[in-house]
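Here is a short briefing on one structure.

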Amino acid sequence: MNHFTYRGNELFAEEVPVREIAGEVGTPLYIYSHATLTRHYNVFDGALSDIDHLVCYSVKANSNIAVLRTLAKLGSGFDIVSGGELYRVLLAGGDPHKVVFSGVGKSDDEIEFALENDILMFNVESEEELEVIDQIAGKLGKKAPVSFRINPDVDPKTHPYISTGLSKNKFGIPSDYALEIYEKALKLKNIEVVGIDAHIGSQLTQVSPFIEAMEKLLRLIEKIEKLGVSIKYFDIGGGLGIRYRDENPPHPEEYASEIKKLLGDRKIKMIFEPGRVIVGNAGIFVTKVLYTKKTPLKNFIIVDGAMNDLIRPALYGAHHEISPVVLDQKRGKIIADIVGPICESDDFFAREREIEKVGRGDFLAIFSAGAYGFSMASNYNSRPRVAEVMVKGSEYAIIRQRETYPELVWNEKIPSFLR
Ligand SMILES: *Cc1c(COP(=O)(O)O)cnc(C)c1O
């Protein structure tokens, strides 16, 4: 459920007409709904209420500091994959003791920054990374809390680019090697082993791969605990899918109840790293029709937004629902490709899509754009990055100004040898 709904012919974000925001702020832009964000977080967290758990929202899905602030105020922790994300979490008032640090390639600086801020744990993905964390922690006179990300070799049955828990993927430590690395970690002076972790992929529409991965990790936990460590945290990552079109992902209640069943009365704190399921349907992307054109083969609707603003269709062939911000059934429908201005043929939002016959100046809403939308945006084609707005009830605020031309180049320099 989300708070982007039509009242009569007009799309609203909570209590505000989208047309009004687009008119005032300009296009393209992202609009997020505070009520939807809150609802999605509460539904997810609430479903897990019988389990000892911590929700660590995955910052990379949408890292705007107003979004992070909203979630921090609800008590969320954060899953980060870079120092920049930790910086954002701190700026947004997030609690560093609720931060888990994931990723296969943490740099020395990032490790140091995280240690200085006493994060909850590092999800370590290789033996070399473990050694580096031990060294840096030693230098800072700290003990680094670590868990190991295990690759459980489970097929998440999703897009190959967002499958991460198969043996062939770069992520995690092969489960056959897990005991060895835990044994090694126990010998390191500046390391405290606290947990185990997996993240098998994104946009999962079934519970079974999660359960399969958890079963494998639970068996490992038993073996690890025989080494004399207690595993405090069991982090099962993120990945729960959402509906973009006709998918039927499990409701968080169903996901939670399967997990509860599997855990039984085992005493362990579960950590979850949801991203998409929290923000995906809490945001829309709004773009304006620049031109329409008809070729012998196709109709094209050329809009002011492009793949640099929202890359999911180009990158994954992802489907997003698209409809006019103001409906007018009288104008009839056409089949068209909805494309951006960028000089790449994969710069499209939809292909062969049935849509009302819109014209120059009309606004289109691209739904389910809250996750991996702005956070993947770039300046390709020297396009300033777009504005972001948050709506709360009948109020709204710009939470990121549209970039200006000077901001596009503010940190570039012409060297003296070219003067
Ligand atoms: C991307 C990512 C997530 C979030 O995935 P979603 O599908 O958005 O829930 C969680 N954990 C890790 C380690 C990730 O890389």
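The crossing of α8 and α9 is right-handed; a crossing has that hand if the near helix is turned clockwise from the far one by less than a right angle, and is left-handed if anticlockwise. This is a predicted model: local features need pLDDT of at least 70, side-chain atom pairs count only at pLDDT 80 or more, and totals for chains, interfaces and linings use all residues. Residues are numbered from 1 along each chain as its sequence is written, and side-chain values use heavy atoms, with hydrogens and water left out.

**Helix packing**

- Two packed helices are described by the angle between their axes and the distance between the axes.
- Helix α8 spans residues 208-225 and helix α9 spans residues 252-263; their axes come within 11 Å and cross at roughly 25°.
- That angle makes α8 roughly parallel to α9 (angles under 35 degrees count as roughly parallel, over 145 as roughly antiparallel, 65 to 115 as roughly perpendicular and the rest as oblique).
- Helix α6 (residues 127-140) packs with helix α7 (residues 178-186) at about 15°, with the axes 11 Å apart.
- α6 is therefore roughly parallel to α7.
- The crossing of α6 and α7 is right-handed.
- Axes are lines fitted to C-alpha atoms, for helices over the stretch in contact, and angles run from 0 to 180 degrees between N-to-C directions.
- Helices (H or I, at least four residues) and strands (E, at least two) are DSSP runs, numbered from the N terminus.

**Ligand site**

- The ligand is surrounded by 15 residues, and the closest are K60, S202, E273, R276 and Y372 (a residue is near if one of its heavy atoms lies within 4 Å).
- By class, this shell holds 2 nonpolar, 8 polar and 5 charged residues (Ala, Val, Leu, Ile, Met, Phe, Trp, Tyr, Cys and Pro count as nonpolar, Asp, Glu, Lys and Arg as charged, and the others, Gly among them, as polar).
- A side-chain N or O atom of S202 lies 2.3 Å from an oxygen atom of the ligand.
- For the side chain of Y372, an N or O atom is 2.6 Å from a ligand oxygen atom.
- G239 uses its backbone: an N or O atom there is 2.8 Å from an oxygen atom of the ligand.
- The protein covers 94% of the 390 Å² of accessible area that the ligand has on its own (Shrake-Rupley method, 1.4 Å probe).

**Backbone features**

- The peptide bond from T27 to P28 is cis, with omega near -10°.
- P28 sits in the loop between α1 (18-25) and β4 (29-33).
- Q203 is not a glycine, yet has a positive phi of about 55°.
- The loop between β11 (191-197) and α8 contains Q203.

Key:
Polar contact = N/O pair within 3.5 Å; in protein donor to acceptor, adjacent residues only side chain to side chain.
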